[in-house]
Amino acid sequence: MPGNFVDEVQVNVRGGDGGAGAVSFRREAHVPKGGPDGGDGGGGGDVVFVADRNVASLLAFRDHPHRRAASGKHGSGNKRHGASGEDLEVALPEGTMVRDRGGELLADLVRNGDRYVAARGGRGGRGNARFLSNARRAPGFAEQGEYGEERWLRLEVKLLADAALVGLPNAGKSTLISSVSAAKPKIADYPFTTLEPHLGVVRFRDHEFVLADIPGLVEGAADGRGLGHTFLRHIERARVLVILLDLAPVDGRTPAEQERVLLRELERYRPDLMARPRLVVGSKADVATATLDDPDALAISAVTRQGLDVFLGRLGTLVDTARAGEPEPEPYVVLRPAEEGFAVLRDGDGAWRVAGRSAERVVAMADLTNEEAIEYVQLRLRRMGVERALARAGAREGDVVRVGPVELEYQEGIS
């Protein structure tokens, strides 16, 4: 999208990796048989999305879509634990929706400070001191750090505005918002349409509200013509719609025809928009060549400021009434509970697969080059009931069993 406003991006987020546990034994002159003292690795940091009112768009992600949290430090001897990696907080505009690659909504961060954990950090590995037991007096292995979660997400911004200016191209929206607020959109005296939305804070008497200049709609926008849904979605959160009609149209289209086109496109896009409070306004009254049929409509001129006080007073009243009649917007966040248990599945090539975070974590964090560690993995899986589940599913001696990216050979009595 041209300009500095970016409202839709793909981002890659990855939590920090956990640090590895240490394999260490006490070695002191006065301690003839020092025990294991390897410390744990630190956990990796999370990637956390945070809504920030000071961020205007997703421009920072356009050329740099990757965000990664810090990894945890490794453990060391004398039971010294590694430091945990710091969380990475990523600031997003208010009104950002977070979706997975399939389009499912995961979070809707509507207010300043709303948070969503986008990628969790990996757990730190346990040092060999944690594996000391009566049966294992000198454990010579430790856990590796768990890899941080990694995934691609889609971010979309829907502007949070109290009122939205809706009109055909060249209807005077940019001129109007620049006249009533500090917003400075590009303005020209030839037919063109704004290529990015703008927000302006309007203060008039006892009213204060946010007004959005939505790029001009064209006939067929609901079907994707022109900028289509790219900007129609920014209208969804507006409490009040200002239908801006050009009283000096260059194409000869009457204000009534303009209004029919705009309302039809809004209704086709989202029928519930027709129930929103709306104010019909004719622009360019100072050079008008057409008249308004609606007796309740206002005629204004952003250049001469004709009718602006009446317009802002009525719009401010509509916004105040709409605010009073609706609850404070609540963030929407999909909470992901910790996965429990596992399932035994059959892959297409006939191999068995043990699916489930608990089982996969046991294998992923093990040092499979160490025989003691392999024995410990087998013991853990057996205690979890993986061996019984494979036997019930029909696994036979020598079958391939996959747990995460690791392939094991099934042996009766050893999973």
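In what order do the strands of the open sheet of four strands stand, and with what pairing? The order is S16-S17-S18-S19, and the pairing is mixed. Before going on, the basis: this is a predicted model, where local features need pLDDT of at least 70 and side-chain atom pairs count only at pLDDT 80 or more, while totals for chains, interfaces and linings use all residues. Residues are numbered from 1 along each chain as its sequence is written, and side-chain values use heavy atoms, with hydrogens and water left out.

Back to the sheet. Strands here are DSSP runs of E, at least two residues, and helices are runs of H or I, at least four residues, both numbered from the N terminus. Two strands pair if DSSP finds at least two bridges between them. Strand S16 (343-346) and strand S19 (406-409) each have a single partner strand and stand at the edges, so one side of each has no neighbour in the sheet. On average, neighbouring strands are turned by 30° against each other, direction ignored. S16 pairs with strand S17 (residues 352-355) over four bridges, in the antiparallel sense. Within S17, Ala 355 is the residue opposite Ala 343.

Helix H7 (residues 386-393) packs on this sheet and touches S16, S17 and strand S18 (400-403); contact means heavy atoms within 4.5 Å. The direction of H7 makes about 140° with that of S17. Axes are lines fitted to C-alpha atoms, for helices over the stretch in contact, and angles run from 0 to 180 degrees between N-to-C directions.

Next, the cavities. A cavity is a set of points on a 1 Å grid over the protein atoms alone where a 1.4 Å probe fits but cannot get out, and lining residues have an atom within 4 Å of a point. Helix H6 (residues 371-384) gives the most to its lining, with four residues. Among the lining residues are Phe 141, Glu 143, Asp 367 and Arg 380.

Last, the backbone. Lys 79 has a positive phi, near 60°, and lies in the loop between strand S3 (66-68) and strand S4 (88-92). Lys 284 also has a positive phi, of about 60°, and is found in the loop between strand S13 (278-283) and strand S14 (298-299).

Definitions and conventions:
1 Å grid on protein atoms, 1.4 Å probe; cavity = no way out; pocket = protein on both sides within 12 Å on 5 of 7 lines; lining within 4 Å.
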